[in-house]
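Please read it with the coordinates open.

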2 protein chains.
Amino acid sequence: MVEMTSIPGGKSTNGMLLAAMQAEEVRELEEYVTAISASVEEEMDRILPQTEETDESRLFEAMRYSVFAGGKRLRPVLVMATNDLLRGKRPRALRVATAMEMLHTYSLIHDDLPCMDDDDLRRGKPTNHKMFDEATAVLAGDALLTQTFEVLSDRATHTDSAVRCELVSLFARAAGPLGMVGGQMMDIIAENRPIESMDQGALARLQRKKTGALFSACCEAAMVLNGASREEHHRLTSYARNIGLAFQMVDDVLDEVGTEADMGKAVGKDADLGKATFASLLGVEGARKQAEFLCSQAIQFIQPFGKDARILELLARFVVARGH
Amino acid sequence: MVEMTSIPGGKSTNGMLLAAMQAEEVRELEEYVTAISASVEEEMDRILPQTEETDESRLFEAMRYSVFAGGKRLRPVLVMATNDLLRGKRPRALRVATAMEMLHTYSLIHDDLPCMDDDDLRRGKPTNHKMFDEATAVLAGDALLTQTFEVLSDRATHTDSAVRCELVSLFARAAGPLGMVGGQMMDIIAENRPIESMDQGALARLQRKKTGALFSACCEAAMVLNGASREEHHRLTSYARNIGLAFQMVDDVLDEVGTEADMGKAVGKDADLGKATFASLLGVEGARKQAEFLCSQAIQFIQPFGKDARILELLARFVVARGH
């Protein structure tokens, strides 16, 4: 079971008690996440090259190492829950969810590199370049990114090639220079600037690219697979944008108040670097409140879907309530 | 004009005089290459994000820096010459040729990184990480790789989405873990092994992935765009495989006998590292002869296309005759 502990010392900070998930609700979400995680991992095992005794096996091993290092699998869950809401077929959504997790994993491997965030620990385990070496980590990231597009373009993902092309385009735009990679660049530049030059607006723009673009692409991918009305599109992308930003705010809070053991990675680094985060700009309580507000907004956007939006609602609440 | 000098001290070493290109032939190929290079560069300028005064502009600048740093544009020429042979429409082949050059440029940027080949000079200019920094270079490579797939999946590349999907799949397989990136991994592993453990067969397998996969994909992409009979497919992929391997052999020869000024990059590195190359395994003359043999084979494969294969034939001869 994927374990979902709540935020350390986490009483809710506003009247909506968003952060206080009932044990039963946590269990319901856990069951969903556990099932999706298992399916995604099976699919990845089928898709990724086998580590036989060839000269490239080190590369395949490194790809598998990071992909199977655990993680919350939030993005695949977002794809699948949106797909369920739209009553889409599960097997093809599962391939898209898997491709999304491969793409996300590539970005983590490269982000952890010494020349980037220089992290030794990820999900409680040595980062890819610590376990292997830098060259292998660069290549493992490259290979995962490249194979993401192979998966999407494969007939097994959808019989209609127009749909497959739209997925390729969606993923490439979300992850490319105007999306995630652009956000990563902005982040690096921001680190080397006086902290005063960053305000909440600038940080939100940065994070909307760096983490928000993939979150939105998860919901959009499910809509590409199943079609969606303009109204549905508006509601679901607004939902995704809100929880994406809230997710980052809680991340910043946890980087200040969490422990390395809880988080499975080094904490307090941003503060040590004097880097602007939502926690430094708004304070821990301020950032948490803002995250709760964004998630309550997200939930309002999906209210009209009623019971069909159950998992998306729990997910939005988990984003605020999570302790790691 | 793209300048095509012939191999230093380059008398032909076998009876076929492959290496001895007539001045007129050189001029004919030069004109073709110059025209294609100009078109590809215009297309890249249209496609790549503009470096306006935004926080990501450093990323866009780094992408543009390497893409516009010159280079022989061999891969785009291979796409276009195969497309011409098949009497395909030029504009859409040009987008595919451009995507191929973006993909190739990403691989050069990452290959030059300190953790990989650690090169300071490429095409006579500072490598990307020297001009910018390592983090920017990693991201610029990632962005170019990602945008390659955006270009291919765009309607402007071909109106038939099935064709676009096939292109995405072809590029991803050629560049992915079982293709180029796998070859790069093999290369790194080979460096750390006793040179005696490498024989010509092992080196050819490595290079068929590391450089051969993209060469083949160039010809295959033109066939995906235009359709090709099984016979044409066999002939053109055999041609590509042969010149790909020959290209690498000549590269190894030039690394031994060329000068830094001619090559626009550091030379003699492989020998200094005690790394197995075709030149070290076969000797400079042996590797050159082998390259000539492969190119004569390549030319035989395309003989039946007659005059339509003119540029491909000149290109095969240039691969052996080139001095940089």
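The points below go from confidence to overall fold, then to the pairing of the chains and some local details.

1. **Conventions.** This is a predicted model, in which local features need pLDDT of at least 70, side-chain atom pairs count only at pLDDT 80 or more, and totals for chains, interfaces and linings use all residues. Residues are numbered from 1 along each chain as its sequence is written, while chains are lettered from A and ligands numbered from 1 in the order in which they are written.

2. **Confidence.** pLDDT is the predictor's confidence in each residue, from 0 to 100. Chain A has a mean pLDDT of 90, and 94% of its residues reach 70 or more. Where pLDDT is low, the predicted coordinates should not be read in detail. The model scores ipTM 0.93 and pTM 0.93.

3. **Overall fold of chain A.** The secondary structure comes to 14 helices and 2 strands. Both are DSSP runs numbered from the N terminus: helices are H or I with at least four residues, strands E with at least two. The C-alpha trace of chain A spans about 55 × 45 × 35 Å along its principal axes. Of the contacts in chain A with a separation of 6 or more, 73% join residues 24 or more positions apart.

4. **Burial.** A residue is buried if 20 or more other C-beta atoms lie within 10 Å of its own, exposed if 12 or fewer, and partly exposed in between, with C-beta atoms placed from the backbone. Buried residues make up 55% of the 324 residues in chain A.

5. **How do the two chains pair?** A rotation of 180° with 0.0 Å of shift along its axis superposes chain B on chain A, with an RMSD of 0.0 Å. That is the relation of a two-fold axis. The same surface serves both copies, since 100% of the contact residues of chain B recur in chain A.

6. **The interface.** Contact involves 43 residues of chain B and 43 residues of chain A. On the chain B side, α2 (57-67), α6 (134-153), α7 (161-175) and α8 (180-191) each give two or more residues. α6(B) gives the most, with 12 residues. By class, this side has 25 nonpolar, 9 polar and 9 charged residues. Nonpolar here means Ala, Val, Leu, Ile, Met, Phe, Trp, Tyr, Cys and Pro; charged means Asp, Glu, Lys and Arg; the others, Gly among them, are polar.

7. **Helix α14 of chain A.** Residues 310-321 should span 16 Å at 1.5 Å a residue, and the end C-alpha atoms are 16 Å apart, which agrees. The expected span is 1.5 Å times one less than the number of residues. Of its 12 residues, 11 are buried, so α14(A) is largely enclosed by the rest of the structure. Glu313(A) and Arg317(A) are among the buried residues. The cover includes α1 (23-47), α3 (74-85), α10 (230-257) and α13 (278-302) of chain A.

8. α3(B) is mostly covered, with 11 of its 12 residues buried. The cover includes α9 (200-226) and α14 (310-321) of chain B. Arg73(B) sits in the loop between α2 and α3, and Arg87(B) in the loop between α3 and α4. Phi is near 55° for Arg73(B) and about 55° for Arg87(B). Most residues other than glycine have a negative phi. Are these arginines buried or exposed? Arg73(B) is buried, with 23 other C-beta atoms within 10 Å. Arg87(B) counts as exposed, with 8 C-beta neighbours inside 10 Å.

9. **Cys219(A).** This residue lies in helix α9 (residues 200-226) of chain A. Cys219(A) is buried, with 29 other C-beta atoms within 10 Å. Among the residues it touches are Leu78(A), Thr82(A) and Tyr239(A).

Note on methods: Two residues are in contact if their C-beta atoms, placed from the backbone, lie within 7 Å. Copies are superposed by least squares on the C-alpha atoms of residues with pLDDT of at least 70 in both. Lists of a residue's contacts leave out its neighbours within four places in sequence.
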